[in-house]
Amino acid sequence: MPLLIIEDNRDLVQVLSEGFAENGFSVDSAFSGEKGLEKISRDNYGCIILDIMLPGIDGLQVLDTVRAQGNETPILLLTARDTVEDRVEGLNRGADDYLPKPFDFRELVARVNALLRRTADRQRSVLRCGGLELDPVSRECRIDGKPLSLRRREFDILELLLRNENQVFTRENLISSIWRKEYNGSSNVVDVHVKYLRDKLRPFGCDTFVVTVRGVGYKMNCPEYS
């Protein structure tokens, strides 16, 4: 995916665009916060390089809007404002990195590459089954892009089954893997939590992914299109 540079200094945008192109990147650009938000809403980008001091909607307002929309594209703030307070504010509001002007272009490229690697690692960690996505790092579950709230044990059961698709887990296996030494009662607790999990998956048609193997336990069976 291309990079997006949101910067009102057209000469700088041209220099950066040429430099990134020489390093194998495709680049898009916008010269105001409004235009930047239009492009972000329309297209997908691998990373956004965002100047804070923009005319109209400033860079921090762009940042707030992007994060409020649930867009997690990496954002690197590029600005002449370089106090500790400025850096802390930008990072606290959702920026992934911060590089003050003036800067060495080689450092900018290195920082962008680091953000892209981090994103790639995060994406590889996401577990998928049909329209269901489970992120073990953020402990978030989504189905067809919609968030699904799961309790701790429900999430843990789903994660274990997803990581081991088609492998059958007995109730005892699940207890030893998920509850460990925290539970000494009946294995019926597994059935109860699986029921709760299926109830939450049912409105999305995903409850059938969790299959009961009669007399044994449970396994995950994902549709072929996943």
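Residues are numbered from 1 along each chain as its sequence is written, and side-chain values use heavy atoms, with hydrogens and water left out. Because the model is predicted, local features need pLDDT of at least 70 and side-chain atom pairs count only at pLDDT 80 or more, while totals for chains, interfaces and linings use all residues.

In soluble globular proteins, nonpolar side chains tend to be buried together. Here a nonpolar core is a set of buried Ala, Val, Leu, Ile, Met, Phe, Trp, Tyr and Cys residues joined through side-chain atoms within 4.5 Å; buried means under 20% relative accessible area, exposed over 50%, and partly exposed in between, with a 1.4 Å probe and protein chains only. The largest nonpolar core has 30 residues, of which Leu134, Leu158, Leu162 and Met220 touch the most other members. Two or more residues of this core come from each of strands S6 (127-129), S7 (132-135), S8 (140-143) and S12 (217-220), and from each of helices H6 (152-163), H7 (171-179) and H8 (188-201). Helices (H or I, at least four residues) and strands (E, at least two) are DSSP runs, numbered from the N terminus. A second, separate core holds 18 residues, including Tyr45, Ile48, Leu54 and Tyr98.

Contact means heavy atoms within 4.5 Å. Not counting residues up to four places away in sequence, Met220 touches Cys129, Leu158, Leu161, Leu162, Glu165, Asn166, Phe209 and Val210.

The next feature is the sheet that contains S12. Strands of a sheet pair through backbone hydrogen bonds, either parallel or antiparallel. Two strands are taken to pair if DSSP finds at least two bridges between them. Three strands form an open sheet in the order S10-S12-S11, with antiparallel pairing. S10 and S11 are the edge strands, each pairing on one side only. H6 packs on this sheet and touches S10, S11 and S12, its direction making about 65° with that of S12. H8 also packs on the sheet, touching S11 and S12, and its direction makes about 145° with that of S11. These angles run from 0 to 180 degrees between N-to-C directions, with axes being lines fitted to C-alpha atoms, for helices over the stretch in contact.

Four bridges join S11 (residues 210-213) to S12. Val210 has Met220 as its bridge partner in S12, and Thr212 has Tyr218. The hairpin of S11 and S12 has three residues between the strands, and Gly215 takes a positive phi near 80° there.

The cysteines come next. A disulfide is a covalent bond between the sulfur atoms of two cysteines; the criterion used is a pair of cysteine sulfur atoms within 2.5 Å. By this rule the model has one disulfide. It is formed by Cys129 and Cys222, with sulfur atoms 2.1 Å apart. The torsion about the S-S bond of Cys129 and Cys222 is about -125°, so this disulfide is left-handed. Distant parts of the chain are linked by this pair, with Cys129 in S6 and Cys222 in the segment after S12, 93 residues apart. Cys129 counts as buried at 0% relative accessibility, and Cys222 counts as buried at 9%. Cys206 is in no disulfide, and the nearest cysteine sulfur, that of Cys129, lies 7.3 Å away. Cys206 is buried, with a relative accessible area of 4%. Cys47 is buried as well, at 0%.

In H7, the buried residues are Arg171, Leu174, Ile175, Ile178 and Trp179. They cover an arc of only 100° around the axis, so they sit on the same side of H7; the arc is that of the directions from the helix axis to the C-beta atoms. These buried residues of H7 pack against H6, S10, H8 and S12. In H6 lies Asp156, which counts as buried at 16% relative accessibility. Leaving aside its neighbours within four places in sequence, Asp156 is in contact with Arg139 and Ile178.
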